[in-house]
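I opened this structure to look up its side-chain pairs, a few single residues and its surface. My entries follow, topic by topic.

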Amino acid sequence: LSNPGSDDDITLQDGDELIVPRFDNTVSINGEVLKPVTVQFETGKGFSSYLSASGGFTRKAYRSRAFVVYPNGRSAKTHQFLGIRKYPKITSGSSIFIPIKPDTNAFDAAKAGILVSAFSAVMTGLVLLFR
């Protein structure tokens, strides 16, 4: 509108529709938070302020993988440099998601089978060597 006749003008044809989305003045916080909520967007509030509104992270939260999905469908992830986390900017209509940390201490039968097999192969080799 500020520069009529420029290359940015869009030519409409018969049958074209203009859809103006409803303005969403909220931010939703989901995932590994103590209380998933949707709160009103406030200019100047950052990631941590919205996270506080949801009660904070749970014990299983994968903090370094937190990300924001913007109303246009794009997303931005948390960045970390030298142990300092930089969280993405929050806009109105955004959704914050905190994923769950994978369980690395879980018993894995496949890995245990490989370990037992390797141990028995080493023991067999030692028995044959010292026989």
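**Salt bridge**

I looked for salt bridges and found one in the structure. The term stands for a side-chain nitrogen of Lys or Arg within 4 Å of a carboxyl oxygen of Asp or Glu. I note that this is a predicted model, where local features need pLDDT of at least 70, side-chain atom pairs count only at pLDDT 80 or more, and totals for chains, interfaces and linings use all residues. Residues are numbered from 1 along each chain as its sequence is written, and side-chain values use heavy atoms, with hydrogens and water left out.

Which residue forms a salt bridge with K45? I found E42 there, with the closest N and O atoms 3.8 Å apart. Next I checked accessibility. Buried means under 20% relative accessible area, exposed means over 50%, and partly exposed is in between, with a 1.4 Å probe and protein chains only. K45 is partly exposed, because its relative accessibility is 28%. E42 has 42%, so E42 is partly exposed.

**Aromatic pairs**

I searched the whole structure and got two aromatic pairs. Rings of Phe, Tyr and Trp (its six-membered ring) pair if their centres lie within 6.5 Å; planes under 30 degrees apart count as stacked, over 60 as edge-to-face, and the rest as tilted. F47 and Y87 are stacked, because their ring centres are 4.2 Å apart and their planes are at 0 degrees. This pair links distant parts of the chain, 40 residues apart: F47 sits in helix α1 (residues 47–53), and Y87 in the loop between β6 and β7. Helices (H or I, at least four residues) and strands (E, at least two) are DSSP runs, numbered from the N terminus. Is F47 buried or exposed? I have F47 as buried, because its relative accessible area is 4%. Y87 is at 25%, so I call Y87 partly exposed.

F67 and F97 form a tilted pair, with 5.5 Å centre to centre and 50 degrees between the planes. F67 is partly exposed at 27%, and F97 is partly exposed at 33%.

**Two loop residues**

Where is S94? I found S94 in the loop between β6 (84–86) and β7 (95–98). S94 has a relative accessible area of 1%, so S94 is buried. A polar atom of the S94 side chain lies 2.7 Å from the backbone oxygen of T91. Contact means heavy atoms within 4.5 Å. Beyond its neighbours within four places in sequence, S94 is in contact with T26, V27, S28, V68, V69, Y70 and P71.

T58 is in the loop between α1 and β3. I list T58 as buried, because its relative accessibility is 17%. Residues up to four places away in sequence aside, T58 touches E32, V33 and L34. The side chains of T58 and E32 are joined by a polar contact of 2.9 Å. Such a contact is a pair of N or O atoms within 3.5 Å; within protein, one must be able to donate a hydrogen and the other to accept it, and residues adjacent in sequence count only if both atoms are side-chain atoms.

**Helix α2**

M123 lies in helix α2 (residues 109–129). M123 is partly exposed, because its relative accessibility is 38%.
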